[in-house]
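Please write a short report on the structure shown below.

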Amino acid sequence: MKLSLIVPCFNEEENIKLFYDEVKKYFKHHIHQYEIIFINDGSQDKTYNELKRLYQKHSKEMTIIQFSRNFGKEAAILAGLRKSSGEYVTIIDADLQQSPRYVVEMVNFLEQHKEYDSVAAYQKSREERKIIIFFKNLFYKLMNKITEIEIYQSASDFRTFRRNVVETIEQLPERCRFSKGIFAWVGFNTYFMPYDVEQRVNGESKWSLMKLWTYALDGIAAFSTTPLILSSIIGIIITILAFMFMIYVAIETVVWKEKATGYSILITVILLLSGIQLFSIGILGHYLAKNYTESKQRPIYVVKECVDRKKEYDE
C-alpha cells in the first residue's frame, strides 16, 4: 500500500461523498495504491450512514472505524495511525477546507526528497476572526518559549509522514494527547509546505474560542512544567513584597508615630493575594487532572465497529 489517508469525521454527513469524489479526482493519475480510513468520532448526524453507503460501492479502498461516542480528534488521529498500513500516511479533514490535491504534492515531495521524513502544511493566510488569530499567534510564541519543542506557527494537523515516523508516534503511550506537540517532539526532518484553505462547502467549524483555549492549555500542560515554576516565582515575589510592606508599616508606626490605617488597601492586598493563590492552585489542579487521567490507564478511544475488507480491527 502506497498511501493511507486518515480522515477524522464529526458531523460531516454532507461532506463525505464530496470529499471522496475530490480524492478520486486528484488521485486518479497520480496515486493508484491508497486506502481511505474514515474515523467516525461519535457523529450525531447521519455521517455513519453516508460512510456505509459509500463503502458498499468502494469497499476496496475504504475502511470505517466507528467510535462508541465522541472521543475527540486526537483520539481519531491515533486510531487512524494505528490502522494505517501505507508507506506514506496523511492526516486530512473531511470538511474540504484541506484539498486532496496537496496530498499529491506532499507524496511527490517525499519521493523526490529522501532527506525529509514528513511534510506539514501551514496556512498561507488565515481567514479567521482577528481575536482568534491573535490568540493563536500568542499560543505558538508562548509554546516555543516555555517548551523544549518548536511548533511551526500556523502548521496544522494536515501532514504526510513516512512509515517510520508513524511507528514512532504510535509508541508514545500518553492518553492526554496533543498531536502538534507530539509531531514536533518525535523529531525527524519536516518540510513545511504552504497551502490555501478552501471555503467550507457545508457545515460550520467545530472549534469555538473556548475549545481553542482548552486545547491550548492541554498543549502547554503536555509539554511544559514552566507554569508550575512560574506560580512558585510569583509566590516568592509576592511574599517579598508583603514582607517589605510589613517593614514599612512597622517603621511608619514606630518612627513617625502614625497609626496603621488603610483598610481599603488591606482588602485590596488580600484580594490580590487570594487571586494569585487561586490562580496557582488552578495550575496545579490542571496538572493533577492530567496525571489523574494518565494514571487510570483507560483506553484513549473505544471502537464500536470497524468496517473493512478484513472485517477485523486490532487495537
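In this predicted model, phenylalanine 183 has a relative accessible area of 6%, so phenylalanine 183 counts as buried, the limit being under 20%. Phenylalanine 183 belongs to helix 7, which covers residues 179-185. Leaving out residues up to four places away in sequence, phenylalanine 183 touches Ile91, Asp157, Arg159, Phe161 and Ile169. One of these, isoleucine 169, is 14 residues away along the chain, and the C-alpha atoms of phenylalanine 183 and isoleucine 169 are 7.4 Å apart.

**The chain as a whole**

The protein chain has 10 helices and 8 strands. Of its 315 residues, 42% are buried. The chain exposes about 17,900 Å², and 57% of this area comes from carbon and sulfur atoms. If contacts between residues at least 6 apart in sequence are taken, 81% of them join residues at least 24 apart.

**Nonpolar cores**

In soluble globular proteins, nonpolar side chains tend to be buried together. In this model the largest nonpolar core has 36 residues. Leu5, Val7, Phe19, Phe27, Ile36 and Phe38 have the most contacts inside this core. At least two core residues come from each of strand 1 (3-9), helix 1 (16-27), strand 2 (34-40), helix 2 (47-57), strand 3 (62-67), helix 4 (101-112), strand 5 (118-123) and strand 7 (190-195). The largest share, 7 residues, is given by helix 4. Apart from this core there is another one of 25 residues, and Ile77, Ala79, Ile91 and Phe161 are among them.

Phenylalanine 19 shows what such a position looks like in detail. With neighbours within four places in sequence set aside, phenylalanine 19 is in contact with Leu5, Val7, Ile36, Phe38, Ile92, Asp93, Ala94, Leu96 and Pro100.

**Helix 4**

Helix 4 consists of 12 residues. From its first C-alpha to its last, helix 4 reaches 17 Å, which is close to the 16 Å expected at 1.5 Å a residue. Which residues of helix 4 are buried? They are Tyr102, Val103, Val104, Met106, Val107, Phe109 and Leu110. An α-helix has 3.6 residues a turn, so residues three or four places apart point the same way. The buried residues of helix 4 pack against strands 1, 4, 5, 6 and 7 and also against helix 1.

**Strand 6 and its partners**

Strand 6 runs over residues 155-162. It is mostly covered, with 8 of its 8 residues buried.

**Serine 84**

Serine 84 is located in the loop that joins helix 3 (73-83) to strand 4 (88-91). Is serine 84 buried or exposed? Its relative accessible area is 7%, so serine 84 is buried, since the limit is under 20%. What polar atoms lie around the side chain of serine 84? A polar atom of this side chain lies 2.7 Å from the backbone oxygen of leucine 81. The side chain of serine 84 also makes a polar contact of 3.2 Å with the side chain of arginine 163. Neighbours within four places in sequence aside, the residues in contact with serine 84 are Ser4, Glu35, Ile37, Val89, Arg163 and Val166.

**Two residues with positive phi**

Most residues other than glycine have a negative phi. Leucine 96 is not a glycine, yet it has a positive phi of about 70°. Leucine 96 is found in the loop between strand 4 and helix 4. With a relative accessible area of 11%, leucine 96 is buried. Leucine 96 is also one of the residues in contact with phenylalanine 19.

Phenylalanine 188 likewise has a positive phi of about 70° without being a glycine. Phenylalanine 188 sits in the loop between helix 7 and strand 7. Its relative accessible area is 33%, so phenylalanine 188 is partly exposed: buried would need under 20%, and exposed over 50%.

Conventions
Residues are numbered from 1 along each chain as its sequence is written. This is a predicted model: local features need pLDDT of at least 70, side-chain atom pairs count only at pLDDT 80 or more; totals for chains, interfaces and linings use all residues. Side-chain values use heavy atoms; hydrogens and water are left out. Helices (H or I, at least four residues) and strands (E, at least two) are DSSP runs, numbered from the N terminus. Buried means under 20% relative accessible area, exposed over 50%, partly exposed in between (1.4 Å probe, protein chains only). A polar contact is a pair of N or O atoms within 3.5 Å; within protein, one must be able to donate a hydrogen and the other to accept it, and residues adjacent in sequence count only if both atoms are side-chain atoms. Contact means heavy atoms within 4.5 Å. A nonpolar core is a set of buried Ala, Val, Leu, Ile, Met, Phe, Trp, Tyr and Cys residues joined through side-chain atoms within 4.5 Å. The expected span of a helix is 1.5 Å times one less than its number of residues. Accessible areas come from the Shrake-Rupley method with a 1.4 Å probe; for residues, only the protein chains shown count as cover.
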